[in-house]
Amino acid sequence: DEIIAKNQAQLTEKLSQTEEEEDEEEEPKEPLPQTKTGFSKTVINKSPSTAQPPNSPQTMTPADQQGFMAAMEADARERAERRKIAEKKANELKEKGNDEFRQGNFEKALELYTEGLTHLKDHLALWTNKAQTNIKLGRFEDALVDCDWAIRVFHNSMKAHVLMGKAYMGLKKYDEARQAYKKALECEPSKQNLITDYFTELYRAEKSQQEEEKSR
């Protein structure tokens with residue numbers, strides 16, 4: 001009985017010590033800020049870390065910086081080489097398309113120009129040649145899309161604006177055609193004689209339509 005009583009007393013003492021330790025761990029080291037609704041458990045870090053990310057310029061060694069620059073230069077060379085290959089392929093398809101266009105094979109020419117653009121999206125001549133082919137095929141709306149892309153590639157492309165004017169002429173949208181021709185003249189004022197011919201064509205087409213409507 002004495003042994004049992006002694007063991008129970010030791011067990012009770014250990015349990016009491018454990019509860020006191022738990023209470024001490026749960027107690028915050030600093031008093032929590034009090035708000036209107038009680039104590040806030042948000043802890044503000046008064047000593048934020050000033051450590052830099054491992055790959056930041058401040059932590060890169062000279063050797064790391066040289067390696068980084070070398071990688072950037074290698075990437076630039078690789079991209080330039082890829083573009084050179086793409087441009088060569090696009091130009092080959094453009095020339096083939098031009099041959100088909102001269103022979104009056106407009107559908108085949110259009111196919112070749114379109115394929116060329118899959119290799120080089122910002123090829124100005126491919127867009128304008130494609131627009132001209134669509135005009136020949138009477139696909140004026142498609143030609144306007146081509147002209148819009150050509151102007152995105154080079155905003156001051158006189159040919160793109162002239163072809164846009166022709167496409168609007170095909171749609172009998174003479175006001176829009178006039179604006180396109182004006183823009184073409186702004187792009188290259190030295191081509192005034194050429195643009196004047198387009199304005200003359202526009203005037204005749206517009207007058208012909210007016211007379212036709214009047215006769216009806």
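Leaving aside neighbours within four places in sequence, which residues is lysine 159 in contact with? I started there, and found Thr128, Asn129 and Gln132 (contact means heavy atoms within 4.5 Å).

**Ground rules**

I am working on a predicted model, where local features need pLDDT of at least 70 and side-chain atom pairs count only at pLDDT 80 or more, while totals for chains, interfaces and linings use all residues. My numbering runs from 1 along each chain as its sequence is written, and side-chain values use heavy atoms, with hydrogens and water left out.

**Lysine 159**

I placed lysine 159 in helix 6, residues 158-170. Helices here are DSSP runs of H or I with at least four residues, strands are runs of E with at least two, and both are numbered from the N terminus.

Its side chain makes a polar contact with the side chain of asparagine 129, at 3.3 Å. For the notebook: a polar contact is a pair of N or O atoms within 3.5 Å; within protein, one must be able to donate a hydrogen and the other to accept it, and residues adjacent in sequence count only if both atoms are side-chain atoms.

Is lysine 159 buried, partly exposed or exposed? I read a relative accessible area of 36% for lysine 159, so it is partly exposed. The scale I use: buried is under 20% relative accessible area, exposed is over 50%, and partly exposed is in between, with a 1.4 Å probe and protein chains only.

I also checked tyrosine 181, which is 22 residues from lysine 159 along the chain; their C-alpha atoms are separated by 9.8 Å.

**Whole chain**

I stepped back to the protein chain and counted eight helices and two strands. From the N terminus on, the elements run α-β-β-α-α-α-α-α-α-α. Of the 216 residues, 25% are buried. I noted an accessible surface of about 16,200 Å², with 51% of it belonging to carbon and sulfur atoms. Accessible areas come from the Shrake-Rupley method with a 1.4 Å probe; for residues, only the protein chains shown count as cover.

Among contacts with a separation of 6 or more, 50% come from residues 24 or more positions apart.

**Glutamate 100**

Next I looked up glutamate 100, in helix 2 (residues 62-102).

What I did find for glutamate 100 is a polar contact of 2.8 Å between its side chain and that of asparagine 105. Leaving aside neighbours within four places in sequence, glutamate 100 is in contact with Asn105, Lys108, Ala109 and Leu112.

**Salt bridges**

Side chains of opposite charge can pair when their charged atoms come close. By the rule above I get 13 salt bridges.

- I found lysine 108 paired with glutamate 111 at 3.6 Å, N to O. These two are three residues apart in helix 3 (residues 106-119), so about one helical turn separates them. Lysine 108 is partly exposed at 35% relative accessible area, and glutamate 111 is partly exposed at 46%.
- I found arginine 82 paired with glutamate 78 at 3.1 Å, N to O. Both lie in helix 2, four residues apart, about one turn of the helix.
- I found aspartate 148 paired with arginine 152 at 3.2 Å, N to O. They are four residues apart in helix 5 (residues 140-153), which means about one helical turn between them. Aspartate 148 is partly exposed at 34%, whereas arginine 152 counts as exposed at 57%.
- I also logged a network of salt bridges that links Asp175, Arg178 and Glu206.

I checked lysine 172 in the loop between helix 6 and helix 7 (174-187). Its phi is near 60°, a positive value in a residue other than glycine. Lysine 172 counts as exposed because its relative accessibility is 52%.

Terms used
Salt bridge = Lys/Arg side-chain N within 4 Å of Asp/Glu carboxyl O.
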